[in-house]
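Reader: I am new to this structure. Can you walk me through how to read its features?
Author: Gladly. Have a look first, then we will take the features in turn.

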Amino acid sequence: MSLKPGKTYAAAADPLGPLPTKGKTYAASAAQPPASDSDALPNDPPANRDLLASTLPAAATPPPQRRRTRGEEEVHEVNMMDGESEGEGESAERRRRRAEREEKEERERAEYEKAVEEREERRRVRKERKEREKREAEKTKKEAPLPPVERSRKHQGARERVEKTTEDAVSNGVAHSDSEGATSSSSSPPPSPKAPTKTEDAKPITQSLVSFTHKVRWAPLDVPLPRRLQMAAVLWHTLSISLFFGLFWFCLAVPLSWPLLVPYLIYIFFFATSHEDGSVPYTRSNLFRSLPLWRAYAGYFPLRLHRTVPLDASKNYIFAYHPHGIISHGAFGSFVTEATGFGTLFPGIANTLLTLDSNFRIPFYREYLLALGMASVSRRSCEALLRGSGRPSPRRLWNPTTWLARRSPAPPGGRAITIVVGGARESLEATPGTLNLVVKRRRGFLKIAMRERAGVVPVLSFGENELYRQHHPREDGWVHAAQLWAKNVLGFTLPLVHARGVFNYDVGLLPYRAEVNTVVGRPLFWQGEEVGEKEVEAFQRRYIEELERMWEEWKDVFAKDRLPGEAGEMHFVE
């Protein structure tokens, strides 16, 4: 583009209009022409640039402002006042909102501080209540007798010394005579350790599970190995029936074992008679009865066997064991195994502990009992054992009942059987600190002794009832009725018991560590010829008198911690 000299050009107006202003209005000024060579178009020649610079004015100035009229000034003042009032209103609104926000924050802060104070107050009250309950529990524990479990720290040293003495006595296996003429497997029968007898100090059933868990006394990790082995032995004996029963079901789940398992089941249910034909003394395993396992088992409690008078090995005897307790640990340890030195105290006598006939119908468990020398408590079994008429027949290929028979040399000397007279009914009376016996209704063993000319030897086991805690339901309740029904129909019952566990001292089914002293009394023989009801009743009176004499003689030695007064004496409930 080229400009002609001598001609005047007008600047074009801004197409966007004037810039907005606040309060003042300025007139639009004309566009300024380029003030230098750089403002010219790039394609213009230098001559045109010089011509343009000479023709345009040097600078464009804004036009002078026009004075407002009186009316315009009044309108302007009103607009300014309105703007100032609007600004003051916004400031007041902001101040009001700020005050409300600060007031809300202050209120929330006060509520939070109040909640913190209430929480601290509840925590303080709860802590004081726990401390008060703890002090009351310690006070009650000091006033009440110690529970029949692991003794407190101040008794641990005495317990360890007692158990060490027991281990030495069991390992020696030598009989000694005490000052009163009684003979036992230890040098002198020490009195039973401090053991609780009452059940009132048991923890209430209604307490919460959480608080009960906190009060459980856990076993330390640094328990000596001999004590762990003792516990393992007791655990094996306690769970043996369950383990063998579970092994049977495991084998039953394997089809490959059926060709052997089915004939075995047919044999034990229809043909097996070795548990009641009197052959147990000839087929038992003397090695199995003398294993170190049973010495560890006896050292757990510990078990002690005491003899008052020697027994003639040329005669037969019936050991009548009292009380039954829950599982009769004392009877098993003293009359089944050699852990307490039965063979040393009563040489020449082959003894057999009798149990329920139903135990010999359990697969595999039956063989375990026969190897230990146990037999059925049926009348046929008792008579066969006392007569010695159960020599097993030699193995015959055509007679399957002889395939599993074991033969041992005939036991020398006399024969004896051990019967836990009270049975399942007496187990419901097993309470620490008491001795309630079921004797008056038990006459069958007396009749057998009178007919077979065998001596009846009363046996009292002090401490058998201290091994478990039992809950006694109401006699008119359905629980007690169910227990009696099970006893009458099944031959055994289920007492509601608890004791200690493997890793704690308060919850479980393992027996407590309480000393069990088994005292063997004097034998009673029937001298008459007739065996009638009157003769049996007279013989029973003699037997009860002998039990009472033994109780009076030994209760202050082995039952020092019995219940005070009449409750701690021996009673015949049936």
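**Reading the backbone and the surface**

Author: Start with a loop. Pro-323 sits in the loop that joins strand E4 (317-322) to helix H10 (329-335). Keep in mind that this is a predicted model.

Reader: What is the peptide bond from His-322 to Pro-323, cis or trans?

Author: First the general idea: most peptide bonds are trans. The bond from His-322 to Pro-323 is cis, and its omega is near -10°.

Reader: How do I read phi?

Author: Most residues other than glycine have a negative phi. Ser-328 has a positive phi, near 60°. Its place is the loop between E4 and H10, the loop that also holds Pro-323.

Reader: Is Ser-328 buried or exposed?

Author: Buried means under 20% relative accessible area. Ser-328 has 8%, so it is buried.

Reader: What is phi near for Arg-453, and where does this residue lie?

Author: Phi of Arg-453 is near 60°, a positive value in a residue other than glycine. Arg-453 lies in the loop between helix H15 (444-452) and strand E9 (455-462). Its relative accessibility is 39%, so Arg-453 counts as partly exposed.

Reader: Now the surface. Which residues make the nonpolar patch?

Author: The patch is made by Leu-356, Val-377, Trp-485, Val-489, Leu-490, Phe-492 and Leu-494. The area is about 660 Å².

Reader: Where is Val-377 placed?

Author: Val-377 is in the loop between strand E6 (375-376) and helix H13 (379-387). Why can it belong to a patch? Patch residues need over 30% relative accessible area. Val-377 has 35% relative accessibility and counts as partly exposed, so it passes that cut-off.

Reader: How should I read the confidence?

Author: Where pLDDT is low, the predicted coordinates should not be read in detail. Here the protein averages a pLDDT of 78, and 70% of the residues score at least 70.

Reader: Which stretches have a pLDDT under or below 50?

Author: Residues 11-16 are one of them: pLDDT stays under 50 there, and the model has three contacts beyond four places in sequence. Over residues 146-205 the pLDDT is also below 50. That stretch has 125 contacts in the model beyond near neighbours in sequence.

Conventions: Residues numbered from 1 in each chain as written. Predicted model: local features only at pLDDT ≥ 70, side-chain atom pairs only at ≥ 80, totals over all residues. Heavy atoms only, no water. Patch = residues over 30% accessible without salt bridge, like charges linked within 9 Å, V, L, I, M, F, W, Y side chains within 5 Å. Areas by Shrake-Rupley, 256 points an atom, 1.4 Å probe, with all protein chains shown as cover. Salt bridge = Lys/Arg side-chain N within 4 Å of Asp/Glu carboxyl O. Helix = DSSP H or I, 4+ residues; strand = E, 2+ residues; numbered from the N terminus. Buried < 20%, exposed > 50% of the residue type's maximum accessible area, 1.4 Å probe, protein only. pLDDT = per-residue confidence, 0-100. Contact = heavy atoms within 4.5 Å.
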